[in-house]
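These are my notebook entries on a structure that I went through one topic at a time. I wrote down what I looked up and what I found.

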Amino acid sequence: METRSYGFAGIAIATCGLLSCTQPSAPAEAPIAAEAQALTPNDALIAWSAVQAFEQGRRTFRYDTFGDEEFWGGALRLHQAIAGAGGGGVGPGVSPKAALGLGLKVDVEALPGDLRRALQRGAVDLDAPATTVALLRLNAVVGVTGFFGDGDDAPLRSIGIQCALCHSTVDRSFTAPGVAAGLIGRRLDGWANRDLDVGGIIAASPSVKPFADLLGVSEATVRTVLRSWGPGKFDAELALDGKAFRPDGKSAATLIPPAFGLAGVNLHTWTGWGSVPYWNAFVAVLEMHGKGRFHDSRLADAAKFPVAARAGFSDVQIPPAQDRVTPKLAGLHAYQLALPAPPPPPGSFDRAAAGRGDALFSGKARCVSCHREPQGTEPGWNAHTAAEIGIDDFQSSRSPDGRYRTAPLGGLWSHQKGGFYHDGRFATLAAVVDHYDGVLSLGLGAGEKSDLVEYLKSL
Ligand code: HEC
Ligand code: HEC
């Protein structure tokens, strides 16, 4: 069986080579060529199809707007705010410094060598909106696509967004004067962008009328709500139930979760709306405003989802020839399932303490009763009531099943910014452990708690 699976890996790697994918490496002793020849035509078809789906999914995740530029550029005119009056838009424009301050990231691989060197010499004007437009022209802003007219100097005429906007960030490989590490770098797909001020970006649009019309409130109210979200957060349910604030007056927005480490996990999103392809269609059509078909009769429930029911979100129709979402779902699914949770950096946790924490996780602390390893969530219907985890039910009651989904824990170290649980209510992992110690009456000592935290940092 083992050598057989090397054979599959061999085919995948050979195919990847053609498509210039660089990461995977086979065990040195694997007889790739011989094994590849031993594959039956159907085995080869399967391997080819997996690689094709992965490649297509990566392109979609990074670059596909699903036609949503008609909304972000066409209706909100966000591109005009970016270009500014000096670049054919309106207002002061958005400089690279301001864009990076809003949490947008720049893909260093998309920058030509002379521009990288100029950045490192401090010779690029990071206060000029024209530089932001130039970065968009290079397709270098992660998760954002600028649309230009014909010609090298044609003005920015529209803008669209991608999955990578919220679910990718960049590594710390590039620094320059005035550019801290982690702003310009190589893409890290699947990582939650906890710096991204989604609400602040949308609120900068010249028009937020489509949201005002949808929610039946003024544009000023929409802007107030958007600005209440803060970095790393978004409210996917606002467009369904119109609830902008929790009963305690705080924003109803949730943290952007990572989109890695999801293989083998049944329900997705904080409150378990459905599978990966369910949520991908939901977000592409209802949130990004891409052109696609979406169906979910649960959204016709006018008592629970008044905004969605009024807007007809339970059955969004589009002629098949214009559907730019449905044909992408298989590839997107394959790509997300392929994204591993990133291993913790060397030295970022205490190994001996983590070993003791591991034993507690599966023993005295009873974490494993819900966070079953290796997925970090239960096989089956991985959802719990608010009472079971000792918190309020505001967010769970906004979802069809009224539950919180057991969050997978891989790569926790990479999304500590913004805190933990759906709304970041626990600022640190220590606070999470304290919470469980209280509600589950675990009786953990101080040393045990810190061992558990070291274990969580090691996942
Ligand atoms: C504007 C930011 C934003 C964009 C763009 C976005 N997402 Fe998300 N994504 C979120 C937020 C916030 C959640 C959590 C929603 C919730 O639980 O209510 C989420 C949840 C998810 C989840 C569930 C993760 C888990 O823990 O199970 C997946 C998978 C996902 N998104 C994939 C995508 C894909 C694929 C796209 C592009 C089609 C996309 N997202 C576009 C913000 C975004
Ligand atoms: C009854 C089931 C259950 C038990 C037991 C449980 N958890 Fe959880 N855990 C959950 C659920 C559900 C969530 C999601 C909460 C939310 O979305 O707000 C969660 C979230 C978390 C998170 C936050 C993940 C994130 O991305 O923000 C951490 C960390 C965590 N649990 C660790 C633990 C530890 C450590 C233990 C043992 C002391 C434990 N859990 C015990 C169900 C459980």
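I began with P374, which I found in the loop between helix 17 (351-362) and strand 11 (383-384); helices (H or I, at least four residues) and strands (E, at least two) are DSSP runs, numbered from the N terminus. A cis peptide bond, with omega about 10°, joins E373 to this P374. I noted beside it that most peptide bonds are trans, and that most residues other than glycine have a negative phi.

Before going on I wrote down that this is a predicted model, in which local features need pLDDT of at least 70, side-chain atom pairs count only at pLDDT 80 or more, and totals for chains, interfaces and linings use all residues. Residues are numbered from 1 along each chain as its sequence is written, while chains are lettered from A and ligands numbered from 1 in the order in which they are written.

**Positive phi**

I next looked up F66, which is not a glycine and yet has a positive phi of about 55°. F66 sits in the loop between helix 3 (41-63) and helix 4 (69-75).

S441 also has a positive phi, near 45°, and is a residue other than glycine; its place is the loop between helix 18 (429-439) and helix 19 (446-458).

**Ligand 1**

How many residues surround ligand 1? I found 26, the closest being C163, C166, H268, T269 and W270; a residue is near a molecule if its C-beta atom, placed from the backbone, lies within 6 Å of it. Helix 9 (164-167), helix 14 (276-287) and helix 16 (329-338) are the elements that give two or more residues to this shell, and helix 14 has the largest share, with five.

By type, the shell around ligand 1 holds 18 nonpolar residues, seven polar and one charged, where Ala, Val, Leu, Ile, Met, Phe, Trp, Tyr, Cys and Pro count as nonpolar, Asp, Glu, Lys and Arg as charged, and the others, Gly among them, as polar. At least three residues of the shell come from each of domain 1 (69-254) and domain 2 (265-337), with bounds from an automatic or database domain assignment.

**Ligand 2**

Around ligand 2 I found 24 residues, and the closest are C367, C370, F420, Y421 and Y436. Helix 18 and helix 19 are the elements that give two or more residues to this shell, and helix 18 gives the most, with four. The shell around ligand 2 divides into 17 nonpolar residues, five polar and two charged.

**Helix 8**

Which residues of helix 8 (residues 129-137) are buried? They are P129, T132, V133, L135 and L136. Seen down the axis of helix 8, these buried residues fall within an arc of 155°, so they line one face of the helix; the arc is that of the directions from the helix axis to the C-beta atoms. I finished with N139, which follows helix 8 and has a positive phi, near 60°.

Terms used:
Buried ≥ 20, exposed ≤ 12 C-beta atoms within 10 Å, placed from the backbone.
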